[in-house]
Amino acid sequence: MLGGVSLSKVALSLTLAIGSLSSFAHGLFPDEAGRIDWHRAQIGRPTKIVPYAFNETDTGLFAITDRNTLASLSPASGKIVWRQTFGSDETIKALRVRDGRALTLSGANETHVRVWDAASGGLVWGFSQPPDANYRRGSGAAEFVEKSEDVVAVVGDSLVRLTPGATVPVWEVPLNATAAYKRIVLEDKTAFVVGDARPTKKNPKPRMQVVEVDLESGSVKQKYQFAGGQAVRSNRVVFLQSREYGSYVVWRDEKNIVWFVHRLGMSDPEWEIYHAKLVQVELMPADMLTSTMYEIDTDPALNANHPRFIMTYLKDDKIKTIVVEMYRSGDKLEMRKVAGFRSDDAVVAGCGISAPKNDAANPNAPRAVVSVRASDDVSWRVYTDSKTPTHTGDFVYSKDTYGPVRSATLYHVGGEPRVLVQTSGGLVAALAPGSSEPLWFRDESLSHATDMAFLELPPPVSSAEYAAKATDPSVLGSPVTRYILRWAESAKSIVSWVTSGFGFFANSPDAVGASGQAARTVAEELVPASPIVVGDHFGFRKLSVFGTSSGVVAALSTQGGSRSWTRFLADNGTAVSIDNVFVTRRNQPMSTSAPLVTVVGRSRVSGNTVVAVLNALTGEFADDSELTVLPYSHAKVFELPAVDTLNNQQLIGLVYRDPESQTHLGIWPSTASAAKAFCAVTEPVFFDLNDGAGSTDLRGFRAECPASEAELDSWAESSSSFAASEQWKFGLPEGETLISTTGYDGAQSTALLGRVLGDRSVLYKYLNPHLVTVATRIGDDETGSRGIGIYMIDRVTGSLLYSTVHANAHVTKKQPFLAIQSENRVIYQFWQEGSPATAEAKAHSSAVRGYVTVVADLYESDKPDTRDESRAFSSYDLVLPHVVTAAFVAPEPASALGVTRTGSNISTRDVVFGLASSKLLSLPDQMFDPRRPKRAATKDEQAEGLVPYAAPLALDPKRVLSHYNAVAGIAHIRAAPTHLESTSLVAAYGLDLFFTRTSPSGTFDQLSPSFSKVNLVVTTLALAVGCLLGGPMVRRKLTNQAWA
């Protein structure tokens, strides 16, 4: 007995010692870095890239983008050094970099001139021009004044000279709205502002207009027009600037084979030149009329005494390209060809110029020109002062993934040329001579994401199951077989774990990335890795499928953000604009049919609807299909409550109007089996339709199926659409126009039909799946009467369920109206101009000026335990809901709203705000309860979880889901459930991408990451050993007691 006791103590001590050591070994979790949440900072597709040499060794890349972002990129890695994001309506029209400063001009009627520190991105000084009634759309230009820190800019309808620190311009010249001025050309003592003249009865054709201004005094020297039929931004017009020769405009009339060369400041063209003198070959007139011209660069700091430009023309049905240089021959200025090359299907627009070294001030320094030729691969050449390229290179990439090359920029690092190529799909890649692999790349395609959908991935199965499925799929038809295979695989895993020393001697996670893959080269990163086809047991790993306005569809893993696949969609070579992404076939356990995503967009060629059906796991077209262009343009797209049983595909409804303004509902897939599935739905399909923002009514329609079976059989061959009959019309009151309509986002489910009160009674929720919230604008700024009207209507009958008015509310692009519906709750936010939003807000504030969040809860009755006794909800049984509202003052403006979702909706919900300050804020649902008492809470109210009402919403830093990440430009928030009821996945996208997971009610159904599974196993084993060793001792003791 003594030996047995000592043995058990030793065994127990050893097991506890091993367990204590294991807790230290698993104290860190590096494999979760970048997987629970991840952030991708983006800038958008660059519209202009300016290389700038800080010194002989340090070069910077500065870009303005179509997402209104100014960014500094590292030439070595492409990473963002700093960025500044502007407002959604603040288009950046000009960028100049000089003397360590970056100059931008942005905005439309309200113009902003800003000078930034090029190294840090900090604002040095700025000037804003208030809205101008004479502003001409498209106006805007800015230039640094040489040998000065001053700036000359077109702001509003004026030309101004600005100096740092001054609150008013040095001088201001009214331009009188006679042209849209888009170009400023500066010489030593003169400023030329050039624009597109406004057509008149005397001169109905387009013409360019010049205003010549004294740079010191601001006095107007002259004003004249020239180049009839031309526009400033045309592919038949270039500007040339030279310190020695002055400033010139070169153009070719549309039906003329002659180029005209005009010296700014002179009323007539100075001289003419013919194509043949430049290309030095005989050309037919038809070939000459195909010529186009592109500017290389017009920055006076880079231009030599011999300014250059690019010309393309057609010869023998092949595109030719030449580099043209202006030079002086005696007393005359002439043009000559510096280099020429064939470009076949090249897009030469955007070719760049750059000085090899930091000698931009030297007018005789050689300048380099890059040309990019794009076919299946990309080849590029760099020319200086000879017809032979000094550097060449190639770049291999997939057009099906990123689209064709659309522009190129040249810069130098340490005297060596680098080429930046951009594609229509949003790829920016840096290339070096002698290598087909990019130095680095940026994928900016998802900065234009318009919609996304979550794809549930199948749970992981054992390799034995995969092997059995590959050999004989019928083997896995028995659940017993699958159970045995999983047990066998688990046994192998346990043996492997034991032989590895219980995980102590496993490979270090530092040897692989966060996604479990080894480090990859830049070229390997450019091509998406093997598609992600398997999820996890908890539903954390899904595919988020994005559609973009640049024609790119991409699938990213929710764990780590790694790209699974990318597909570029184009109609006749032009990227389509994608509006909606739907998962129309989901993963089925052990199914041989791949899941599908259906993408709906518009063709930029015809304006018609385009549809593509893709394999959701690989991005390939499904069933050998291709992009389909439909014979109409959709007005609305939504999922239909029907599934085509022939291919197990969810139906999509496409609402459109024919040329006679009749409304129709097309369905996708457009097949007879899909039509039969649609008409087999027991409940009719209703939808609402309007003419967009600014319309004055809302209409409701019902889709009508064919009356006979024969008509239904011929449906796919005849019209491929169903007629829609108008059921109701909701006209807005006079003086009101539509802002937006909001319905439920996807399928809604609820765990509780009512709200349990503190006294155990129930307040039943008003759950109407056809509820639509309509927001209208009341009055306008001109009349001084402003406000927002809110109408909640039923989509089936058009019945008005609730309405209210918010006086002095204001909606603009900078101050948008946002709304979201979830279960029986409607939440919306708007800007309030110094007047109480509601009676609730008035009780706490005499004048609310700021962003107001209003919450409306809908209940079946104001009396507890009272509900509609009908077995099924019907919109025809008009039951007006009892609406409880409350208003809260938001701490910051929001750019997007969202609500978390869980599998059964048992967990409480969080309301997620995308803030204009680039934060993602999650606030508990209870905070927005409109039943919060405006006094001290009673015991029943406390038991219900209600806290006293307070108008201001507190911004708790602990509730910021994005932590320290600045998630810029949040426009959409999407949520998806996981297999754990406590956890919801949240994705925010707009300019940046951000993904995380959150648990509004706490992680009540999962173990903490710090929980030691090894300790649990060791403790269990120790207890088992203790029982085995202690059992004989106990039995012996009991036997002795019985004999005593």
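Close-up 1. The structure holds one disulfide, a term used here for a pair of cysteine sulfur atoms within 2.5 Å. C679 and C705 form this link, with an S to S distance of 2.3 Å. The link of C679 and C705 is left-handed, with -105 degrees about the S-S bond. It connects distant parts of the chain, 26 residues apart: C679 is in helix α8, and C705 is in the loop between β48 (697-704) and α9 (709-713). Helices (H or I, at least four residues) and strands (E, at least two) are DSSP runs numbered from the N terminus. C679 is partly exposed because its relative accessibility is 24%, and C705 is partly exposed at 32%. By definition, buried means under 20% relative accessible area, exposed over 50%, and partly exposed in between (1.4 Å probe, protein chains only). Another cysteine, C1027, is exposed at 58% relative accessibility. This is a predicted model, in which local features need pLDDT of at least 70 and side-chain atom pairs count only at pLDDT 80 or more, while totals for chains, interfaces and linings use all residues. Residues are numbered from 1 along each chain as its sequence is written, and side-chain values use heavy atoms, with hydrogens and water left out.

Close-up 2. A pair of aromatic rings is described by the distance of the centres and the angle of the planes. Rings of Phe, Tyr and Trp (its six-membered ring) pair if their centres lie within 6.5 Å; planes under 30 degrees apart count as stacked, over 60 as edge-to-face and the rest as tilted. The count by this rule is 24 aromatic pairs. One of them, Y52 with F62, is edge-to-face, at 6.4 Å centre to centre and 65 degrees between the planes. Y52 lies in strand β2 (residues 46-53) and F62 in strand β3 (residues 59-65), so the pair ties together parts that are 10 residues apart in sequence. Y52 and F62 are both buried. Ring pairs also link Y52 and F62 with F54 and W82 into a cluster.

**Close-up 3. Arginine charges over aromatic rings.** A charge sits over a ring if NZ of Lys or CZ of Arg is within 6 Å of the ring centre and within 35 degrees of the ring normal. R867 has its charged end over the ring of Y764, 4.8 Å from the ring centre. The charged end of R997 sits over the ring of F540, 3.9 Å from the ring centre.

Close-up 4. Most residues other than glycine have a negative phi, and most peptide bonds are trans. The peptide bond that joins W668 and P669 is cis, with omega of about 5 degrees. P669 belongs to the loop between β46 (663-668) and α8 (672-679). N572 has a positive phi, near 55 degrees, and is found in the loop between β38 (570-571) and β39 (574-575). N572 counts as exposed because its relative accessibility is 69%. H963 has a positive phi near 55 degrees and is placed in the loop between α12 (939-944) and β64 (970-977).

**Close-up 5. W487 on its helix.** W487 is located in helix α6 (residues 479-499). W487 is exposed because its relative accessible area is 54%.
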